[in-house]
Amino acid sequence: MASARSSNARRPIVAANWKMNKTHLEAVQAVQKLSYLLDRDDAKRVEVVICPPFCDLRSVQVLVDSDRLPYGLGAQNLHWEDQGAFTGEVSGLMLAALKCAYVIVGHSERRRLFGETDDTVAKKARAAFRNDIAPIICVGETLEEREAGRTEDRVVDQIKAAFGGLDAEQAGRAVVAYEPIWAIGTGRNAEPADAGEVIGLIRGTIASMFSSQTASALRIQYGGSVTAGNIREFMAHPEIDGALVGGASLDPEEFALIVKYPGAREAGS
């Protein structure tokens, strides 16, 4: 297994997944409020990524560009083809034109509610890189898999499928979000030590597929009912490089507090 790096080795990344929430007007208001709550030093220490619904992307992109806000823009999904007869879908080509730097791939809700498979997730990850967008690749086990002792097998299988078609440079640019499915939107979260152990397993799997250098460069987030109240515990673990934040990211004040704690760790306070 790749050894844990110091907290200064990988810049923390905190991403807001708004899911199906906020109109484009509400999105602009939320990002404006966030900009008042976070200063430039916060954004230097922590990479902040906003992932609004598709219909909000253009409005947020214009605001970020015009006000020169130090936030990355991310989408919540993409199709694996760049264009074609796929009614209702959005492609990486379209997202790249909106200056999306990231796209969430394989979120547990996409897998569970919309039938996405490991193969689908792999194709989407390759489509993201084809358009110079870094995928945030989500992996995690169900409660049934966890109780059956299959967490390691399931997570390793997901990682191998998603990264199997990538080269080492792409693998190092990707972000992984470990999100135990039983913790998504339930108010429950994994113990930091347990989450850190699974994330260490992910890093070890990447090392075996590519190299220890690639594994050490890869940033791995925790996702699953992350709040301002528990982010400190997760960020205390050296394997955890940030968070994929769902419900708590809808409130700019709480999201700012989540961002600030990884920033405090990065600054050594």
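# Briefing: pocket, cavity, cores and selected residues

The model described here is predicted.

**Residues with positive phi**

- Lys22 is placed in the loop that runs between β1 (13–17) and α1.
- The phi angle of Lys22 is near 80°, which is positive although the residue is not glycine.
- Most residues other than glycine have a negative phi.
- A positive phi, near 65°, is also found at Lys99, again a residue other than glycine.
- Lys99 belongs to the loop between α4 (92–97) and β4 (102–105).
- With a relative accessibility of 54%, Lys99 counts as exposed, since the cut-off is over 50%.

**Largest pocket**

- The volume of the largest pocket is about 460 Å³.
- Its lining is made up of 16 residues, and those nearest the centre of the pocket are Lys19, Met20, Gln76, Arg110 and Phe114.
- Helix α5 (residues 108–114) is the element that gives the most to this lining, supplying 4 residues.
- Sorted by class, the pocket lining holds 7 nonpolar, 5 polar and 4 charged residues.

**Largest cavity**

- Across the whole structure, the search finds 1 cavity of 30 Å³ or more.
- The volume of the largest cavity is about 30 Å³.
- The residues that line this cavity are Trp18, Ala30, Leu34, Ile50, Ser249, Pro252 and Phe255.
- At least two lining residues come from each of α1 (24–37) and α13 (252–266).
- In the cavity lining, 6 residues are nonpolar and 1 is polar, with no charged residue.

**Nonpolar cores**

- The largest nonpolar core has 66 residues, and the members that touch the most others are Ile50, Leu95, Phe163, Tyr178, Ile202 and Phe255.

**Helix α8**

- Helix α8 (residues 151–163) has 13 residues and should therefore span 18 Å at 1.5 Å a residue; the distance between its end C-alpha atoms, 18 Å, agrees.
- Buried residues in α8 are Thr151, Arg154, Val155, Val156, Gln158, Ile159, Ala162 and Phe163.
- Of these, Phe163 is also one of the residues that touch the most other members of the largest nonpolar core.

**Cys138**

- Cys138 is part of strand β5 (residues 134–139).
- The relative accessibility of Cys138 is 0%, so the residue counts as buried.
- Beyond its neighbours within four places in sequence, Cys138 is in contact with Ile104, Val105, Gly106, His107, Arg111, Ala177, Glu179 and Leu244.
- Between Cys138 and Lys33, which lie 105 residues apart along the chain, the C-alpha separation is 28 Å.

**Ser35**

- Ser35 is a residue of helix α1.
- Its relative accessible area of 21% makes Ser35 partly exposed.
- Neighbours within four places in sequence aside, Ser35 is in contact with Leu69 and Tyr71.
- The C-alpha atoms of Ser35 and Ala256 are 9.1 Å apart in space, while the two residues are 221 residues apart in sequence.

Definitions and conventions
Residues are numbered from 1 along each chain as its sequence is written. This is a predicted model: local features need pLDDT of at least 70, side-chain atom pairs count only at pLDDT 80 or more; totals for chains, interfaces and linings use all residues. Side-chain values use heavy atoms; hydrogens and water are left out. On a 1 Å grid over the protein atoms alone, a cavity is a set of points where a 1.4 Å probe fits but cannot get out, and a pocket is an open set with protein on both sides within 12 Å along at least five of seven lines; lining residues have an atom within 4 Å of a point. Grid points are joined across faces, edges and corners, and a volume is the space filled by probe spheres set on the points. Ala, Val, Leu, Ile, Met, Phe, Trp, Tyr, Cys and Pro count as nonpolar, Asp, Glu, Lys and Arg as charged, and the others, Gly among them, as polar. A nonpolar core is a set of buried Ala, Val, Leu, Ile, Met, Phe, Trp, Tyr and Cys residues joined through side-chain atoms within 4.5 Å. Buried means under 20% relative accessible area, exposed over 50%, partly exposed in between (1.4 Å probe, protein chains only). The expected span of a helix is 1.5 Å times one less than its number of residues. Contact means heavy atoms within 4.5 Å.
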